Amino acid sequence: MEEPVVEKVCAIREQVAQRVGANPYRTWFGGSTHFQLTGDRLDVTVANAFIGNWITSRFMNDLVAATRDVVGGDPSVAICVAADSSAGARDAPEGPASPAPMMRAHPPPTAEVILRRELEDFVVGPSNELAFSVANAVARAPGEAFKHLVIHGGSGLGKTHLLQGLCNALTRRHPSLHWCYLSGEEFTNEFIYAVKANRLDAFRKRFRQVDLLVIDDIHFLANKKGTQDEFQHTFDAIDASGKAVVLSSDTHPRSISSLSEKLLDRMIAAMIVRIDPPDYHTRREILRRRARSMLVTLPDDVLDFVARHVTRNVRELEGTLYKLAAIASLMKEPLGLDLARRAVEDYVSAMRPTDAPAIERMVAAHFGVTRDALHSRSRDRNVTTARSIAMYLIRKHTRLSLPEIGRLLGNKQHSTVLMAVRRIDELLNRDGAVAWKTPAGPRSVPGRELLEELEQRLALGPDAH
C-alpha cells in the first residue's frame, strides 16, 4: 500500500480501538484481522466466518464511523473471510487475493447484504421445529404452501438465521426467482430516502416486483405511520400478484404497539409461528456444531456446563463460545471447566431474580400507561387491566406477600391483590382474552399468549422490554 493509504489505515485502526475498547480490539481486530483501504472502501478481512459474524453484529457501526472520520464522505465497509479460513494469524497475507465478502455497509439506498446463513446449519429442536419446517416449505414452493409467514420470538433465538437460510435455499432451488431481504429499519430508511430524493417509483418497483419479500424485525415499524402505510401497499401488491411475504418480529403481531389495523389484519391472516428458547439438548448441539466450525475442541464436561448455565438464547451461547476461545488464546490455557466458569460469569450474574419494579415498568409500557397510574385508584380499563396483570406477575415471580404487593402498588388492600390474581387465573383457565385500547385501535390477545410473551421479555432482561 502507498504510504498515505497506510497512514489512513493506521488512523482507522486507532479510531476503532478507541471506539470499541482496548481488550475487544485486541481480541477481534488483532493479528488475524487485516484492513485494506481502496478509495472510500474499507475491506476488513477475517480468519473465519465466526469472527466476521461477531464483528459485523457488534462493531460495524464503529467501523463505518471510524472510516468516515478518516476518509470523509460516505464510505463503505466490507467484512470478508480469507480464502483459506484455516490460516493462522502469521500465515494470513495483508489483503488476500480473493476474500469472500460476508456483509457490506453502504449509505442508503445502495445497501447490499450477502446472506451467510443456511437452513442446513440450523440446529432443530422442540422449540423451533415448526418454524424450521414452515421456512423450508416456503423455500420449496414460495407462495403455495404458505403464502405469508410471520416468525416471532425473543431476541437471539434464530429468526434471522431462518430468514437468511430461506433466501439462500430459494436461490439454489429456484434460481430464476427473485427475493429481497432487509430489516425493518432498512426498509424504513430506504423509504425515507426515496421520499426525500423523489424516488418513490424506483423504491416501489424494487420491492413490489419480487417473488419473495423478507423483512426481519418488522416490529421496527411500530409508531411509524407513513412507513406502515407504504409497507401495507407493498404487502397488498405482492399478495395480488400471488407472491410471498415472510416477516419476523420479537413479539406476536398483536403485541406490536401502534400497528395500523389494516396491517395488523394482514399479519394476523398469515401463518404465525413462534420460536422459544432452546432446551438443554438443543443448546448443547448448537455449541458442539459452532465449536467444530471454529476448529475449537470443547471437552464434554465443558459442553455440558455451558449448555446448562447459558439458557436464554442462541446469541448468548455463541457469545460464551467466542469468549471461551478468546480467553484460551490470550491466556494460553486449555478449555477446561475453570475457564468455562469464568466465561459464563456475565450470563449467570445477569440471571438475577425478577424484581417487582421491573415487572411494573414492563407491564405499564406494554399497556401504554404510567407506573403512577398503576399506583392510583383509576378505574380506566387499560389501567385496571395492567394493574391486575402486574399483580399477577409480581406474585408469581417474586417472594413478595399479598400485603407487600398491595403496598407497592399504591397501598392497595391485600384482598385487592388476591382478587386480581384470581381473576387472571380464571381467565387463563377458560382460555380467555385480554382486551385494551391503543392509539391504533382496540387490541385483544389470548391471555395465555400475552402472559407468555411478557414472561419471555422478563427472562430476556431489560433490553427486551
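**Stop one: a helix start**

Select Asp380 and Asn382 and look at the start of helix α17, where a side-chain oxygen of Asp380 comes to within 3.0 Å of the backbone nitrogen of Asn382. That is a polar contact (a pair of N or O atoms within 3.5 Å; within protein, one must be able to donate a hydrogen and the other to accept it, and residues adjacent in sequence count only if both atoms are side-chain atoms). Before moving on, note that this is a predicted model, in which local features need pLDDT of at least 70 and side-chain atom pairs count only at pLDDT 80 or more, while totals for chains, interfaces and linings use all residues. Residues are numbered from 1 along each chain as its sequence is written, and side-chain values use heavy atoms, with hydrogens and water left out.

Now select residues 381-397 to see the whole of α17: 17 residues, reaching 24 Å from the first C-alpha to the last, close to the 24 Å expected at 1.5 Å a residue. (The expected span is 1.5 Å times one less than the number of residues; helices, H or I with at least four residues, and strands, E with at least two, are DSSP runs numbered from the N terminus.) Of the 17 residues in α17, 13 are buried, so the helix is mostly covered. Buried means under 20% relative accessible area, exposed over 50%, and partly exposed in between (1.4 Å probe, protein chains only).

**Stop two: parallel strands**

Next, pick residues 244-249, strand β9. Six of its six residues are buried, so the strand is largely enclosed by the rest of the structure. Show the side chains: Ala244, Val246 and Ser248 point one way, and Val245, Leu247 and Ser249 the other.

Which strands run parallel to β9? One is β6 (residues 148-152), joined to β9 by five bridges, with Val150 partnered to Leu247. Another is β8 (residues 212-216), joined by four bridges; here Val214 stands opposite Val246. Two strands pair if DSSP finds at least two bridges between them.

β7 pairs with β8 in the parallel sense over five bridges, and Leu182 stands opposite Ile215 in β8.

**Stop three: over the helix**

Colour β8, helix α8 (residues 225-240) and β9 together: they make a right-handed β-α-β unit. Right-handed means that, with the strands pointing away from you, the path from the first strand over the helix to the second runs clockwise.

Within α8, click Thr234. Thr234 is buried, at 0% relative accessibility. Leaving aside neighbours within four places in sequence, Thr234 is in contact (heavy atoms within 4.5 Å) with Phe187, Phe207, Arg208 and Leu213.

**Last stop: the rings**

The whole structure holds twelve aromatic pairs. Take Tyr25 and Phe29: their ring centres are 5.7 Å apart and the planes at 15 degrees, so the pair is stacked. Rings of Phe, Tyr and Trp (its six-membered ring) pair if their centres lie within 6.5 Å; planes under 30 degrees apart count as stacked, over 60 as edge-to-face and the rest as tilted.

Then jump to Phe203 and Phe207, with centres 4.8 Å apart and planes at 65 degrees, so this pair is edge-to-face. They sit four residues apart in helix α7 (residues 200-208), about one helical turn. Phe203 is buried at 5% relative accessible area, and Phe207 at 0%. Finally, select Phe187, Phe191, Phe203, Phe207, Phe231 and Phe235, which form one aromatic cluster.
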